[in-house]
Amino acid sequence: MAYTNSLAHAQDLDSKDPLRAFRSEFHFPQHDGRDVIYFTGNSLGLQPRAVAAAIQQELGDWATFGVEGHFHAKHPWYSYHEELTANTARVVGALPEEVVVMNQLTSNLHFLLVSFYRPKGKRVKILTEQRPFPSDTYAFASQIEFHGLDPEQCLVEVQPRVGEHILRPEDIIAKIHELGDELALVCFGGVNFLTGQAFDIKGISATAHQVGAFAGFDLAHGAGNLQLKLHDDGPDFACWCSYKYLNSGPGGVAGAFVHQRHLGTDLPRFAGWWGHDKYERFKMERAFKPMPTAEAWQVSNAPVLPMAVHRVALEQFGRAGMDRLRAKSIQLTGYLRWIIEGISAAQGGILNIITPADPAQSGAQLSILVNGDGRGIFDRLAARGVVCDWREPDVLRMAPVPMYNSFEDVWRFGEILAECTKG
Ligand SMILES: *Cc1c(COP(=O)(O)O)cnc(C)c1O
């Protein structure tokens with residue numbers, strides 16, 4: 001689409017945005033009496049205004065009913081997680097029985113690795129992307145050690161070519177074939193947290209399966225950002241957090257996906273009572289009888305207060321629809337990219353966007369390598385009411401979020417960035 005660097009153009013795009021009303025459903029931090037330009041929804045999404053009432057409802061029901069709230073609360077706690085299933089399935093493109101909201105992200109990754117990292121004979125390796133989020137590296141390495149193996153040997157990262165920053169899709173596929181029968185698991189981020197590169201879930205999963213490995217994805221930066229089709233794309237498992245694009249609050253409850261083909265099978269797992277058949281859970285019998293759904297991976301009863309937040313946030317996604325969010329996101333991030341490239345060109349190319357421009361390989365986030373005083377630029381942006389993110393030594397990350405950011409935000413950001421890069 002053709003963009004123009006003017007307030008009128010930005011406001012015209014906003015007036016045509018079918019999702020523009022969602023902005024008023026969020027609390028924006030303030031700077032000098034107006035909303036900040038909040039481009040950090042990839043790190044902590046903003047608070048939906050409806051959250052306070054949802055938590056208050058549970059506190060009220062707890063005060064009123066005590067233990068009876070498990071069945072008599074407005075949203076009965078016994079089955080609370082079930083109220084989140086339909087919208088979760090929609091957000092990640094899964095069947096309802098394939099998803100469950102539980103625990104937190106790294107915990108879910110561990111529980112899923114128990115089932116899907118089963119090293120045997122020479123098939124011992126985990127393949128991941130260059131520089132995954134550190135928590136994922138710790139999880140992979142500790143699981144490898146748990147099996148008595150050496151992470152130095154067993155944890156392999158696909159590296160970019162010399163002088164390049166992102167991974168070429170064909171190099172990922174080639175690496176899977178190269179490792180072949182040494183590969184137990186391919187586990188990638190849906191979107192790399194540092195570069196903003198999105199990976200081909202379908203292609204990576206199919207290739208992993210061709211060589212006899214499982215495929216899993218950490219969708220911390222994918223859920224609520226990309227239009228995912230987990231069921232059709234066929235990975236074996238996935239997990240994600242809810243506090244980034246899914247706006248469910250710091251440390252919010254997380255999600256997990258297990259593909260239909262694994263439900264009701266005898267995959268090993270670490271079990272707990274909330275994974276037991278819900279109709280017989282209170283018989284408290286000795287033998288574990290797993291739920292026939294992804295709920296079999298639940299260990300504990302649901303944390304209702306964070307789930308109340310997540311329920312409200314997911315309902316917004318249900319109303320907005322990932323298809324509309326993604327369509328806006330491509331336009332919104334496209335506008336930001338175009339504005340940044342214009343500013344950079346006018347100033348000798350100081351800003352190099354490393355995130356791929358192809359919408360099949362990127363989401364809302366742009367990662368920018370700054371040639372020069374990046375930290376200074378970041379500090380000047382912050383002083384002017386722009387909330388984005390700086391990763392040492394030289395990466396500026398920002399993500400306009402289609403749920404609540406506007407084209408005017410992007411235009412205003414451009415005006416400020418132009419001043420902040422003049423030094
Ligand atoms: C944000 C993020 C995490 C954080 O893990 P928690 O268990 O939620 O603290 C882990 N992995 C990735 C890829 C992330 O982006």
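The expected span of a helix is 1.5 Å times one less than its number of residues. Helices here are DSSP runs of H or I with at least four residues, strands are runs of E with at least two, and both are numbered from the N terminus.

Keep in mind that this is a predicted model, where local features need pLDDT of at least 70, side-chain atom pairs count only at pLDDT 80 or more, and totals for chains, interfaces and linings use all residues. Residues are numbered from 1 along each chain as its sequence is written, and side-chain values use heavy atoms, with hydrogens and water left out.

Start with helix H2, residues 51–65. Its 15 residues should span 21 Å, and its end C-alpha atoms are 21 Å apart, so the two values agree.

Which residues of H2 are buried? They are Val51, Ala54, Glu58 and Asp61. Buried means under 20% relative accessible area, exposed over 50%, and partly exposed in between, with a 1.4 Å probe and protein chains only. Looking down the axis of H2, the buried residues fall within an arc of 100°, so they line one face of the helix. That arc is taken from the directions from the helix axis to the C-beta atoms. On the other side of H2, Ala53, Ala63 and Thr64 are exposed.

Now the pockets. On a 1 Å grid over the protein atoms alone, a pocket is an open set of points where a 1.4 Å probe fits, with protein on both sides within 12 Å along at least five of seven lines; lining residues have an atom within 4 Å of a point. Points are joined across faces, edges and corners, and volume is the space filled by probe spheres set on them.

The largest pocket holds about 400 Å³ of space. It has 21 lining residues, and the closest to its centre are Ala198, Phe199, Asp200, Ile201 and Ala360. Helices H8 (169–179), H9 (201–210) and H12 (322–346) each give two or more residues to that lining. Domain 1 (7–35 + 322–420) and domain 2 (55–320) each supply at least three. Those domain bounds come from an automatic or database assignment.

The second largest pocket has a volume of about 230 Å³. Of its 22 lining residues, Leu105, Phe133, Asp136, Asp218 and Ala220 are the closest to its centre. Elements giving two or more residues are helix H5 (105–116), strand E7 (125–129), helix H6 (134–146) and strand E9 (183–189).

Last stop: Gln11, in helix H1, residues 7–15. Is Gln11 buried, exposed or partly exposed? Gln11 is partly exposed, at 38% relative accessible area.
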